[in-house]
Structures are given as C-alpha cells and as structure tokens.
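Work through the exercises below with the model open. Each task is followed by its solution.

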Amino acid sequence: MPTREDTRQADHAAALRGPSDSRPTTADGPARAPHGRARELAALDRVLDRDDPGVPLIEVRGDPWMGKSALLGALGERARERGWTVAAAAGGSVPEGLPFGVFADALDELLSSVGEQSVSWLSPHHLSWLAGIFPALSWHAPAVALPAGPSERHHVLHAVRGLLGRLGSRNRLLLVLDDMHLADEASVLLVQHLLRHPAPGVVLALAHRPRQNQQSLRILLGEAAAAGRSARLELPPLPDEEMSGLLPRPLPPAQLRSLLHASQGRPGLLRALAVSAPWAEGAPGAPHSPADPSMPLLREFRGLSPLGRTVAHAAAVLQEPFDTGLLARAAQAGEDEARAGVDELLRRDILRPGTLRGTFRFRDPLVRRTAHDTAGAAWQLGAHARAAAALRDRAASPARVAWHLGHGALTGQDGDGVRILQEAARTVLWQRPDRAAGWLRAVLGPRPGTGDPRQRLRLATALALSGELAESLALFDGTLARGSVAHPDAELWRARVLRLLGRHGDAADLLEKTAANLAPDACEVRARTTGALLATCLEAGERPRPALVEDAGAVTETDQALQAQLLALRSLASGADGAPDGGPAELVQRAARLADGLGDEPARRSLDTLYWVARAESALGRDTAALGRLERALDLALRHRLRYVVPQLATEAGRILLARGDRAAALLHADHARWAAERIRSGFQADAAGRLRTRIDRSGPPGPPHAGPAEDLAGPGPEPGTGQAPQPAPRGRPADPSTGLGRLSEREREISVLVSKGRTNQQIARALALSPKTVETYLARVFKKLTLCSRAQLAALVGMEGGLTG
C-alpha cells in the first residue's frame, strides 16, 4: 500500500510533469515563456495557483545555459500578477565571506520598508543578530552583531523563519534564489532549516547547477526531494526545432546547423554563441565588453584559488582534449599541482572529462575564451613556448606543435621550428586555411614577399582560401613575376582569385597562357585549366568556344571531382544543343553521381565542383537536389573557414529559392552572400548578391514557385556567376530605334554589350569564336552607324539602354 508520503510525492511529480501539451494560461501565453521553456513555466504556474503549494521549495536544476535564471525571472513575474510578494537574489553576487549573503541581498529592499511594529515581536538579541545579517533592520536594532557560535546561529535560523513568516502573512512570499551553487554555507544552512520548518505563506524557488554544488547543498536537496519537501524540475536540452526559434534573427541553414551543434540543446548558449566568435564573425561585442554574453562567466573564475586560475589559463592555450602532463608543463607547475588544479576546475564545472581516458576539456567554448582572455599576454607567450617544447619532446604531430609555435616569435636559428610550421601549414591547408596562413607568415617573417618562393605561393593559396583576396593576389603577382620556372597550380589559383574579384578577362588571358605553356604529359593540369576557362566564360556571361567545350569532353582524367565539374560545365555550356556523348540531362546525371560519391575531405577540396553541379541541376529544374548540394558545400565552407566560395554558394542558393517562391529563405541567403562578399572584399560578388537582393525586394510577397529555375525575376539575362549558361546573343528588350542601337545587327549588338563590360578585342574574339580582325571590322561598323569615336562612348550608350546588358 502506498503511504501518505508516497502519494504526496507522486502528486508533486504529476503537477510538475503536467500534460504534454500544457502551456501557460495567462493572456500572454507562450510568448512570455523564456528560452522556449513554456511547458516548464506552465508546471510552475500550477504550483503557484494552489491555495497551499504543498511544498516549501521549488527546485530548478540543470546545466549552465539551460535557461534556469530566465525561468525563475518569469516565475517571479507570474507570482506578482497573482498578488504574491517577490524577493530575488543570486549566489555569488555579494562579497565573499558574508554569512547569509544570498538572503540578505534578496530581502534588503523588502525589509527597508518595514515599520517598527513589524519587528517589535523580536527579542533584543534576535533583532541585533538579524540587523547584523540584514542591514535594513539596523535602524530598529539596539545594537548590530553577528551570531558567534552554534547556539546563536541556531537562534538566528528560528528568527529568520519567523521574520519570513511575518513577511508572507499578508501576501504570500516567493523567495527566488538563483545560482545557489555559488551561495555561502550559512545560506545553505538556512535553506535546510526552512525546509524542515517551513515558514507559513513562504515558498522558496531555487535554481542551481548540480555539477557545481557544494557537498552540503547536494545532500540537502537530495534529501528534500526524497522526502517530498521539494518540487524538483530538471531542465533538459531543447530539441533543435525549438532552439532555432530562439535566435534574435533568422540565420541561413548552414550557420544555424553549426550553432545548434555547438550549443547542444542549451538555449542560453545558443543565443550567446550567435553573437560571439567564431560563430558570427564581425558581430558586435568585443571580449568582455558590456555586449559580450560571456561577461557573467567572469564570476565563476573569481572564486578560484591562485593554482586553479593558473591551471585554467594554461588549459586555455592548449588544444582540446589535453592531459595533466602537458598541462603541468604549460602552467610551469608540478604534475601533482596540475592535478589538484584540474580537480578544483572540475568541481567548479569549468573543466569536464574528455572522451579519452585521462584527458580533459572546457565545459563550453565561451568558458574557454574567458579563461584565455583573462590571462596576461606575456604569460600566454611563455605558456605556448613551454607547451611547444613539451610536444616536441613527445614527437607530436606538426599541427599540434605548430599551434603553439605560431603564437610566439620564431627565430631564424630554429630550423626545426620552421620545418614544423611548414609541414603543419601543408597538412591543414584545406582544413583551416586561416591557421595555415598564420603559420606561414610566422615562417616568412614581416616581409613575406622575400622568402622561399614555394612557401610564398603556399601562403598566397592559403590567403585565397580564407578570403584574403587582395593580399593573395599581390603575393601571387610578386612571386610568379620573379620566377623563371612555371608554377601551373599557382597560376590556376591566381586566375581563380582574379575571377572572384570580377576580372574575368584577365583570368581568361592568364589561363590561356598557362595552357599554352603546359608540357604534353601534364594531363591533370590541362584538364583543370580547361575547366577553369569554361567556368570563367560562364561566370562572365559569355558563350564558350565550341572547341573549348570539345576539349573538356576529351578529358580522360580519372579524378572524380574534376570529372564531375567538367561534366556539369559542359552541360551548362552546350545548352539545348547537347554534346556528342549525351544531352545535358545525361551529363548532369553522370556529374551528380560522381559528386554524390565524394566524401567530406575530397568535397572540401572541390567546393567549386559542388557549385557547378548544383547550377547544372538547377538548369534542368532539379532544384531540390541543387539546394541540398549547395547547403552541403556551405556547411563545409563555414566549418573550415573556406571563405572564398561562400558568396557564390549563398547567392546561387538564394537565386534558386527565389525562383521557387521562397522569398524569406532567399533573403537570408542574399544577405549572407552580401556580408560574406564584403568580408572577402570582392565588389563583384557583393554586386551579384546586391542584385539578387534587389530582385527579392521587387518580387513582392511569396508566391507559387516559378515555372523555370533559370527565370530572372527582375529582368531577363544571366548575372555573372549566378545565372544560366549564356545564349549566343544577349537577351533583353529590343533596342529603342530612337537611340540608334536599333540599327545594329544581332552580332553588332552582341559585341557592343561585351565592349560595355570592358572586354578587349582579344577577349571578345575568344568569347564569340571570331578572329580579332573580324571584331575590329564589326566595331568599325558600329562606330560608323552610331557616329561614335570611342569605346567609352559606346559603353555609355549601351549602359543607358539597359535591356542590352541583360
């Protein structure tokens, strides 16, 4: 038979669980539920609604960032609406060593308004002791003193209970005590007394982190829950679908997935990471400014011992997970001391055990950043040097050693250090190009243009991958101009940077020169050069020469990603004419199969392939597959800081979404593309994103998907780098005969458009499969018909007739 106590505990548990669809019943409803905790707030509401809450304590527990403080704040608001008196405070917010500090802070304002009659029932001794705890009562006390021994403290516990009962006698009193894991021992003792001897009309609402509890608080709360003297509420992680609705603004899917993965269902951490590096680069709030969400974390470090603080600083310079041996070297401490420091940090839940036995890691990235930023800069240099030396002794991987070497000053005499940084940069080039660039800068010193040419070219590539386009191009230009030996890989990357900056004519000239200088057996480089030329033409809105498309079809290169890219490019370039070995649909199908077979590592090195296959799929109306491919590429690019390709990927995804009628999602991608383009300082990419944003703004409210994914909603004609393969002639409204442009033939108009885009005669000839002499002849006719004498006048006239430019 269940006892009365068993029934009481079951009632409390049922009240807190409630029906699965329960929500707050006040007028504001779920909108006022903090951090998505509508169900939990509804459960606490039911406790407040009872004439007799039945328990003197509501216990809210959970890991950091779970929303405990916000939930208690909302509970206090609900209690005030019901006529309760509410007092609140948090552990750790009062000076250390102050007994009953949490209660003194919570009740200070409330007690400052009590009259003489409210304390006249207290004995002089009790009133003096209470005045020593609660400064607001000192006006009524004959003297101020603190209880000295166990007997006096016992008297004080009873006096505080009586005082709280008086405060809750008229309106019930809700005493909200947050962060009780940081409370002083006397406050914990008072909570224990109030649980055993409840004050009439008083309910405690207490929040804490179980991992950080003092032993006395852990025992107290466990006993109270077991005996049915508390209503315990454990805050679980939130599911992703609820988490995503908590952000202050919508994010593109790739960024959102990164944030959700990092926050692991903790709503407070999600909101903090959304405005903190590295998840939102360039967001407001420098480290430990008032806007920085990690400011409250400083309180957790305040109570550490000098050893614990030193170990925390040393752990923050190491890569996770780390062991105590390496930690001891970095902290310049003995291994036993390091273990003691780790134990202290584990008790504070600053560190947690790692996945490998004997290793440790920080609780979350913001705690790690706080530990790092509160260490001295000079001390960090020493810690990095000591850690590097320890890892060298262990013969650790170059990347692990380079993590520390790159933070210090590398001398020219440290040949082994130079070798380690060079090898590490090579291994992480595609995993973290920004890190590789930093290490290569350390190798080359303050004048990177004067070092080893191979390392300069590798640095230029790393800079290109991480989106530092201007610096990358300058380094490529300076290095390649001096060398007598050809560097075809470097030339390909140089051309890629030119394309990203919108200099497609220069890129095409460079690629043709590179192709002409290739050795007959350089099959792979020739194939990549051919693909780059095709991509350059398509991005520039030009129709590739048929011979170039045929060259791409003749490639027998076995590289899976390169094959997929060439197939997609041929599909886009051939258009409705098809190709000798199959029409566009067959080419795209083969390209998609190859792209689907790429694992994350080869795909990371082939983001351009994913982009072109997606464009080819979209051209055939396969928008779902194209969007999935683009989102995968964006995930990889954001995770590994491959910033160079982000604007292009986001713009193309936004274009497809707009064509499907999903205006809100298209807007997210367009804004992301614009921001990413400005981050890499590519005006060409920023303009493409801006034009997409303009089309979205003009498109009006969301509507049904359009008939074709290639349709341009703001006017016909493809945008460079974002639209479909160009047609033989520019599309647009007919030229107005009154301007004179209407008198031009189709070919003359086509050449006029290319002149307006800044193309040289050589580039126009290549784009239209004509000889330069023929282009000169056409231009002479155009100048004569329009009575013009310069290319600038022609470009201005074409620009006025916007339909010609598409």
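**Exercise 1.** Is Gly451 buried, partly exposed or exposed?

*Solution.* Start with the ground rules. This is a predicted model, where local features need pLDDT of at least 70, side-chain atom pairs count only at pLDDT 80 or more, and totals for chains, interfaces and linings use all residues. Residues are numbered from 1 along each chain as its sequence is written, and side-chain values use heavy atoms, with hydrogens and water left out.

Next, the cut-offs: buried means under 20% relative accessible area, exposed over 50%, partly exposed in between (1.4 Å probe, protein chains only). Gly451 has a relative accessible area of 22%, so it is partly exposed.

**Exercise 2.** Place Gly451 in the chain and list its contacts.

*Solution.* Helices (H or I, at least four residues) and strands (E, at least two) are DSSP runs, numbered from the N terminus. Gly451 sits in the loop between helix H20 (433-444) and helix H21 (453-465). Contact means heavy atoms within 4.5 Å. Setting aside residues up to four places away in sequence, Gly451 touches Leu444 and Arg456. From Gly451 to Thr479 the C-alpha distance is 9.6 Å, across 28 residues of sequence.

**Exercise 3.** Classify the ring pair of Trp493 and Tyr644.

*Solution.* Take the rule first. Rings of Phe, Tyr and Trp (its six-membered ring) pair if their centres lie within 6.5 Å; planes under 30 degrees apart count as stacked, over 60 as edge-to-face and the rest as tilted. The model holds 4 aromatic pairs by this rule. In the pair of Trp493 and Tyr644, the centres are 5.6 Å apart and the planes stand at 70°, so the pair is edge-to-face.

Now locate the partners. Trp493 lies in helix H23 (residues 488-500), and Tyr644 in the loop between helix H31 (623-639) and helix H32 (646-659), so the pair ties together parts that are 151 residues apart in sequence. Trp493 is buried at 17% relative accessible area. Tyr644 is buried too, at 2%.

**Exercise 4.** Which ring lies under the charged end of Arg386, and which under that of Arg781?

*Solution.* The test: NZ of Lys or CZ of Arg must be within 6 Å of the ring centre and within 35 degrees of the ring normal. Arg386 sits over the ring of Trp379, 5.7 Å from its centre. Arg781 sits over the ring of Tyr778, 5.3 Å from its centre.
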